[in-house]
Amino acid sequence: MILRPFLHHDPIGISYLFGCGGHASGAVVDPVGGVEPYLRASEETGMRIKFVVDTHIHADHVSSGRQLAEATGAAYVLSSQVDVAFPFHAVRDNDVLPLGNVVVTVMHTPGHTPEHLCLLVSDRTRADEPWFVLTGHTLMVGDLGRTELASSAEQGARDLFRSIQRLKDLPDYVEVLPGAFAGSVCGRRLSGKPMSTIGFEKRHNAAFRIADEAEFVRFMTAEIPPAPPEAARLRALNAGATAAAA
């Protein structure tokens with residue numbers, strides 16, 4: 001297993017390059033900024049980038065996912081639930097992205113956005129059990145992602161509640177690798193530590209540990225962080241809307 005995180009500060013976010021060194025097969029998740037750092041990392045680790053995944057249509061930055069996929073010949077992966085103006089590799093819940101001895105299982109986790117994906121990763125050279133989960137803006141260290149992009153904040157919170165039940169079912173030792181950390185507009189109480197475990201978040205994440213759905217909805221809709229000023233334009237641009245680029 002090869003894993004390289006990329007911490008970004010403007011905007012705040014985390015991208016990942018990971019994959020199977022033995023089979024030289026890798027993926028990049030939620031790339032931000034220029035493609036050069038990912039190309040350089042893939043060359044240094046000897047991995048061919050086979051998949052570029054955006055966990056959702058972002059609203060706080062312009063994704064470089066399509067650009068990186070074009071530069072590497074990789075498949076650009078999005079949820080089948082998205083409505084975009086360009087071709088992509090659509091994935092659904094429980095689909096698998098093969099990377100040699102590394103296996104990536106797609107989890108559809110709506111809430112932050114209706115199309116949001118998490119990626120459950122196993123390294124079969126060590127075990128068939130999952131090692132870590134890339135959670136995007138669903139489960140972050142200390143909080144969960146804001147939910148106002150659904151038809152209503154309440155509906156988004158209900159969707160998110162169901163999504164996190166699936167994450168809670170993962171073993172406590174599974175590592176949580178989120179898409180953001182402290183300072184991001186996508187959460188309220190985010191930690192500056194960029195990774196955690198399912199078990200630690202169950203114990204110490206105020207939103208994640210709520211077991212009652214009605215209480216959860218009240219909690220998640222009580223103080224929704226404001227969306228980025230250009231959220232609608234950025235989301236439209238990342239969906240390929242030409243009007244947004246004008």
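Accessible areas here come from the Shrake-Rupley method with a 1.4 Å probe. Keep that handy for the last exercise, and remember that you're looking at a predicted model.

**Exercise 1. Work out how the six-stranded sheet is laid out.**

Solution. Start with the order: β1-β2-β3-β4-β5-β6, in an open sheet with mixed pairing. Next, look for the edges: β1 (2–9) and β6 (89–91) each pair on one side only. Going from one strand to the next, the twist averages 25°.

Now zoom in on one pair. β4 (residues 48–53) and β5 (residues 75–79) run parallel to each other, with three bridges between them. Which residue in β5 is the bridge partner of Phe-51? That's Ala-75.

**Exercise 2. Find out where helices α1 and α2 sit on the strands.**

Solution. Take α1 (residues 36–45) to begin with: this helix packs on the sheet and touches β1, β2 (12–20), β3 (25–29) and β4. Its direction makes about 160° with that of β1. Then move to α2 (residues 65–72), which lies across β3, β4 and β5. Against β4, α2 runs at about 155°.

**Exercise 3. Decide whether the radius of gyration of the chain agrees or disagrees with that of a compact globule.**

Solution. Count residues: there are 246, so a compact globule would come out near 18 Å. The chain has 17 Å, which agrees. Then check burial, where buried means under 20% relative accessible area: 54% of the residues in the chain qualify. Finish with the surface: the accessible area is about 10,400 Å², and carbon and sulfur atoms hold 51% of that.

Conventions
Residues numbered from 1 in each chain as written. Predicted model: local features only at pLDDT ≥ 70, side-chain atom pairs only at ≥ 80, totals over all residues. Heavy atoms only, no water. Pairing = 2+ DSSP bridges. Helix = DSSP H or I, 4+ residues; strand = E, 2+ residues; numbered from the N terminus. Axes fitted to C-alpha atoms, helices over the stretch in contact; angles between N-to-C directions. Contact = heavy atoms within 4.5 Å. Rg over C-alpha atoms; globule rule 2.2 N^0.38 Å. Buried < 20%, exposed > 50% of the residue type's maximum accessible area, 1.4 Å probe, protein only.
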